[in-house]
Amino acid sequence: MNRFALPLALFALLVVVLAIGIRHSPEKGIIVSPLVGRAAPGFALPSLTDAHQRVSSQELKGRWYLLNVWGTWCVECRAEHSMLMQVGHAGVIPLIGLDWKDEDDHALEWLAQLGNPYQAIGVDHDGRTAIDWGVYGAPETFLVNTQGVVVYKLVGPLTRESWTREILPRLPRPASAGF
Amino acid sequence: MGATRLGLVLAVVLCGTGAAYGIDATSLADPVLEARYLQLTHELRCMQCQNQSIADSPVGLASDLRREVHDMLLAGKSDEDVRAYMVSRYGEFILFRPRFSWRNAWLWFGPPLLLLMGLGVAVRIVRQRAALVATDPDAADDDGRA
């Protein structure tokens, strides 16, 4: 009896350690952003659609918004575009685009072809704003609340599942836009 | 004829590899800054390719991050400033050499601790066996077989 006690205790300890590891391991290849729960980085970028305007975090203060990082060179962005169009139409939350390291004319052509779901699009040619947001691959989508705090970060394309399971439940009023 | 061909092949192969290593063309005039730049870009992870440092990666984001390191060093920031800047945006994962913290303490101390425990168990078993052999009158002639 006694000679099994120690190995059994060690085995139980190992099970606990591994269980914690499995429960806390983020999805494969997805890195938890240190930005979640912290103030969203400020930005002021030229607008893609209006040469006289700037898209800035200052204007968005006091509002919930989704910041979607995309680029015409990004294959997954094309895949998520129809979902973005639905979110744009639903009007539950403003969708702000961050056109990351892209050519303006390519981006405008893309919007003409696929539609424009964004309320405003900031152009980040040198990628500095994307670095401030800790972006490491498009598409990425950030949910920001009225206090300007990043509530959630989605890495990869926005899908119906991520919209209904991750984004809608985090919004204040029980939003009905479940499509 | 054969030698010329071999020479051509060698020339192509050698030139090819030369080009492949030239990912980062940045150089700083100050050799001290240059050394720190090389050190830092080699210990920061390329978040897109994950098993390469930003010094080795041809990806766009890696070159953007190299530019940030370059600019911060020229602006007189310390190595720790550069690391803190990267960690605050990308998390600790960007460091190839993770910092010590209580959250990862068991990773540092776990293996030596397990090794010590294993040694302890081994020593105990050996001692017990030795004691058995010493008290067993048959041990000398049948070397343990029943």
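The legends below describe close-up views of a predicted model.

**View 1. Helix 1 of chain A, spanning residues 2–24.** This helix contains 23 residues and reaches 34 Å from its first C-alpha to its last, which is close to the 33 Å expected at 1.5 Å a residue. Helix 1 of chain A is hardly covered, since the number of buried residues among its 23 residues is zero.

**View 2. The open sheet of chain A, with its five strands in the order 5-4-3-6-7.** The pairing within this sheet is mixed, and its edge strands, each pairing on one side only, are strand 5 (120–124) and strand 7 (150–155) of chain A. On average, and with direction ignored, neighbouring strands of the sheet are turned by 20 degrees against each other. Strands of a sheet pair through backbone hydrogen bonds, either parallel or antiparallel.

**View 3. Strand 4 (residues 95–100) beside strand 5 in chain A.** These two strands run parallel and are joined by five bridges; within strand 5 of chain A, Gly122(A) is the bridge partner of Leu98(A).

**View 4. Val69(A) in the largest nonpolar core.** This core comprises 55 residues, of which Leu67(A), Val69(A) and Ile96(A) touch the most other members. When neighbours within four places in sequence are left aside, Val69(A) is in contact with Leu98(A), Trp100(A), Ala130(A), Val135(A), Ala138(A), Pro139(A) and Glu140(A). Among these contacts, Leu98(A) is also the residue whose bridge partner in strand 5 of chain A is Gly122(A).

**View 5. The two domains of chain B.** Chain B is divided into domain 1, covering 28–99, and domain 2, covering 104–146, and the C-alpha centres of these two domains of chain B lie 48 Å apart.

How values were computed. Residues numbered from 1 in each chain as written. Chains lettered and ligands numbered in written order. Predicted model: local features only at pLDDT ≥ 70, side-chain atom pairs only at ≥ 80, totals over all residues. Domains from an automatic or database assignment. Core = buried A, V, L, I, M, F, W, Y, C linked by C-beta atoms within 7 Å. Buried ≥ 20, exposed ≤ 12 C-beta atoms within 10 Å, placed from the backbone. Contact = placed C-beta atoms within 7 Å. Helix = DSSP H or I, 4+ residues; strand = E, 2+ residues; numbered from the N terminus. Expected span 1.5 Å × (residues − 1). Pairing = 2+ DSSP bridges. Axes fitted to C-alpha atoms, helices over the stretch in contact; angles between N-to-C directions.
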